[in-house]
Amino acid sequence: MVEVKNLVKVYGRKKAVDGLTFNVEENQVYGFLGPNGAGKSTTMNIITGCLSATEGTVCINGHDIFEEPYEAKRQIGYLPEQPPLYMDMTPKEYLTFVAQAKKIKKASIPSAIEGIMRKTSILNVKDRLIKNLSKGYKQRVGIAGALVGNPPVIILDEPTVGLDPKQIIEIRSLIKELGKNHTVILSSHILSEVNSICDKILIISRGKLIADDTPENLTKHFREGSMLNVLVRCGMETAIEVMDKLMAGLPASEKNIWSSENAKTDTHLGEVTRFKVPLYNENNTIEGKDIRDSIFKAFGERNITVLEMSPEKASLEQVFLELTASSTEEEYHEDEAEEEEM
Amino acid sequence: MTAVLKRELASYFNSMTGYVFAAFTIFITGIYIMIYCFKNGYPYFEYVVKSIEFFYLITIPVLTMRAVAEEKRQKTDQLLYALPLSMTQIVIGKYLAMAIVLLVPVAELLIMPVILSNYGNVVMATSYSSIFAYYLLGLALAAIGLFISSLTENQLVAAVITFVAALVCYLMTGLATYIPTDAVSSYISFAVIILLIGIAVWFLTKNKYAAGGILIVAEAALFILYLFSKTSFEGLLHKVLNKISLFAITDNFIYGIFDLTAVVYFITVIFLFIFLAIQSMEKRRWS
């Protein structure tokens with residue numbers, strides 16, 4: 001549906017987008033993630049034809065955005081970071097203008113707009129000036145503008161910014177709904193949002209694509225390194241003893257991860273020990289059982305209470321931080337190397 | 001294009017701008033009609049028209065300052081870029097809206113000679129030809145204002161620069177008489193003007209080679225021209241300024257001459273500045 005090939009955008013000396021290549025499939029919701037200044041908005045601007053690219057191509061539904069801009073733009077509805085609203089118009093006038101500019105048949109404009117206003121629930125404010133609307137309503141008018149003409153590709157740059165929780169839920173369900181028969185690309189800082197509404201996630205950092213996968217795969221991939229936090233009511237010595245016995249059955253490579261260094265005694269609560277063990281081993285288990293079962297039973301046999309057992313969840317947030325952090329580090333070293341060469 | 005035109009018109013008449021522009025011009029027209037036609041009993045409506053030309057200096061910047069600058073500030077230009085419209089359609093849509101707003105006070109001017117003719121003799125031909133020239137002048141200044149508005153994000157800056165540009169046009173002929181007419185000073189003035197154009201090109205394109213190339217070629221051409229015919233440089237600047245001053249060339253219409261070269265000149269200015277405005281908006285996409 002949207003093919004981005006080797007996209008490069010250079011601002012003066014800075015490479016805002018650096019060789020970005022990805023494919024967006026039909027009727028899916030894509031989440032575009034990245035730290036500030038990663039090139040999300042720039043990429044979206046290029047895809048929608050608002051900006052030129054220094055190199056590379058963008059194809060929307062088979063139309064190149066640079067070669068056939070009108071055909072390509074007709075396939076896209078775009079909501080930029082700041083909704084492009086004319087403050088001196090009412091939502092109804094604004095949407096009519098957008099519809100006329102998109103060359104929708106005159107007769108069908110009123111009904112089309114009515115439908116969009118209902119979808120985005122702005123019918124009750126349709127005759128008020130946009131400048132008098134709250135931020136949430138402005139945002140929704142912006143989204144409505146992107147929906148005019150029922151374009152197959154909808155691109156939303158941070159669509160839920162500035163909305164109250166109820167509106168966020170409404171917009172999210174609207175986006176999900178749209179994803180059924182549109183291709184939606186959205187960017188967001190809110191990772192839980194991307195996690196809950198997107199079918200696919202694209203993470204970019206410093207203008208480069210560093211991950212392109214489903215949210216499940218991304219978190220699964222990174223869950224392997226995550227840890228289990230355990231708090232038990234006993235001294236450190238005892239805890240180490242129990243754990244050592246429990247881990248004895250493991251191959252040596254796995255055992256290394258559990259070490260007494262991880263254990264910490266918290267004295268003011270009495271004799272309690274907090275320690276960490278890897279939650280997921282190679283097969284997720286010790287001798288076919290979840291490690292949590294084994295820990296609970298091992299301490300139970302010694303009549304020691306397990307006060308707390310909580311997995312450190314590898315959330316998308318962690319994945320995101322890890323991915324973007326490593327890439328910035330690499331980049332940093334690359335920059336250094338380049339400087340040395342010069 | 002019609003969508004943009006409709007929107008712009010609505011914006012002029014949903015806000016005060018359109019009404020204030022028309023009302024102010026009509027008010028000024030009334031004052032001059034009172035002075036020239038009623039108090040002094042001149043049968044020449046063209047005097048009124050020539051006098052109110054001056055007020056374009058105030059009204060044109062008000063009319064044109066928002067055109068593109070406001071779009072940039074409110075980031076609505078992103079909508080225009082993303083819509084399936086060409087930059088030419090957008091700019092011409094905006095310009096036509098201005099042309100229509102300009103027409104409102106002109107329409108009032110058109111009725112005036114007819115009304116005045118009830119009370120005495122009015123020279124109809126010169127009246128209408130001067131109104132025609134007045135409208136053309138407004139269109140040319142509006143094109144300049146539109147271009148200037150496309151250079152900045154700030155309405156006020158756009159308004160001030162447009163005012164200065166119009167003021168320079170207005171004072172050009174008056175100041176021209178004080179310019180020394182000998183060949184050397186003419187040559188120097190042209191050399192400086194070329195230098196300024198070169199700097200402007202560099203400033204707008206940020207391209208050293210293009211600006212430098214234009215500068216060197218133009219200066220060299222000027223120098224060669226100067227070497228071969230010094231005499232033609234005498235008083236040249238004066239002549240050129242008189243020929244290109246937008247305000248001065250409406251004079252012929254007032255004297256009852258339908259000056260076709262002037263019409264062509266106005267149309268050229270309009271096209272040039274619309275073209276430049278399109279390029280300036282197009283450039284934003286490339287920066």
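In strand S2 of chain A, A:Asp18 is the bridge partner of A:Val8. The model is predicted, so local features need pLDDT of at least 70 and side-chain atom pairs count only at pLDDT 80 or more, while totals for chains, interfaces and linings use all residues. Residues are numbered from 1 along each chain as its sequence is written, chains are lettered from A and ligands numbered from 1 in the order in which they are written, and side-chain values use heavy atoms, with hydrogens and water left out.

Strands S1 (residues 2-11) and S2 (residues 14-24) of chain A pair in the antiparallel sense over eight bridges; two strands pair if DSSP finds at least two bridges between them. The two strands form a hairpin with two residues between them, and A:Gly12 in the turn has a positive phi of about 60 degrees. S1(A) also pairs with strand S4 (residues 55-60) of chain A, in the antiparallel sense and over five bridges. There, A:Cys59 is the bridge partner of A:Glu3.

Chain A has 12 helices and 16 strands in its secondary structure, where helices (H or I, at least four residues) and strands (E, at least two) are DSSP runs, numbered from the N terminus. Of its 342 residues, 48% count as buried; buried means under 20% relative accessible area, exposed over 50%, and partly exposed in between (1.4 Å probe, protein chains only). In chain A, 68% of the contacts with a separation of 6 or more are between residues 24 or more positions apart, contact meaning heavy atoms within 4.5 Å.

The largest nonpolar core holds 144 residues, and those touching the most other members are A:Tyr94, A:Phe97, B:Phe45, B:Tyr95, B:Leu102 and B:Leu246. A nonpolar core is a set of buried Ala, Val, Leu, Ile, Met, Phe, Trp, Tyr and Cys residues joined through side-chain atoms within 4.5 Å. Helix H8 (residues 124-149) of chain B gives the largest share of this core, 15 residues. Apart from neighbours within four places in sequence, B:Tyr95 is in contact with B:Leu139, B:Ala140, B:Ala142, B:Ala143, B:Leu146, B:Ile270 and B:Ile274. A second, separate core of 17 residues includes A:Leu228, A:Val277, A:Ile291 and A:Phe299.

B:Phe203 is found in helix H10 (residues 183-205) of chain B and counts as exposed because its relative accessibility is 56%.
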